[in-house]
Amino acid sequence: NVQQVQGTSGAFAAILADGSVVTWGHPDFGGDSSAVKDRLKGVQQVHASARAFTAISTDGSVVSWSNEESGGDNSTVQDLIAAL
């Protein structure tokens with residue numbers, strides 16, 4: 001069962017009932033989440049910008065993927081996010 005779907009300008013991300021995420025569409029717009037697939041577990045929310053996605057998991061972790069200029073890389077703020 002699909003729990004939520006979000007879209008960028010060229011891709012979609014769906015949260016499934018088990019908390020996993022399925023993505024499809026153009027890779028440059030977030031359609032390829034294979035680089036972060038191992039971190040997309042227990043996801044409760046997905047948010048989209050024009051060319052990137054961010055997922056929030058039940059443990060409070062945040063993972064982003066796709067276009068860096070559109071927010072697809074949150075590695076520089078991971079320590080700040082973890083402190084919240």
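From the N terminus on, the elements of the protein chain run β-β-β-β-β-β-α, which gives one helix and six strands; helices (H or I, at least four residues) and strands (E, at least two) are DSSP runs, numbered from the N terminus. This is a predicted model, in which local features need pLDDT of at least 70 and side-chain atom pairs count only at pLDDT 80 or more, while totals for chains, interfaces and linings use all residues. Residues are numbered from 1 along each chain as its sequence is written, and side-chain values use heavy atoms, with hydrogens and water left out.

Two hairpins can be followed in turn. Strands β4 and β5 pair in the antiparallel sense over five bridges, where pairing requires that DSSP finds at least two bridges between two strands. The hairpin that joins β4 to β5 passes through three residues, and Ala-48 has Phe-53 in β5 as its bridge partner. Strand β5 is also joined to β6 by five bridges, again in the antiparallel sense, with Ala-55 bridged to Val-63 in β6. Four residues lie between the strands in the hairpin of β5 and β6, where Gly-60 takes a positive phi near 90°.

Turning to the interior, buried residues (under 20% relative accessible area, with exposed over 50% and partly exposed in between; 1.4 Å probe, protein chains only) make up 32% of the 84 residues in the protein chain. In soluble globular proteins, nonpolar side chains tend to be buried together. A nonpolar core is a set of buried Ala, Val, Leu, Ile, Met, Phe, Trp, Tyr and Cys residues joined through side-chain atoms within 4.5 Å. The largest such core here has 13 residues, of which Val-21, Leu-40, Val-43, Val-46, Ala-55 and Trp-65 touch the most other members. Strands β2 (11–16), β4 (43–48), β5 (52–57) and β6 (62–66) each supply at least two residues of this core, and β2 gives the most, with three. Leaving aside residues up to four places away in sequence, Val-21 has contacts (heavy atoms within 4.5 Å) with residues including Ala-13, Ile-15, Leu-40, Val-46 and Trp-65.

Val-2, in strand β1, counts as exposed because its relative accessibility is 52%.
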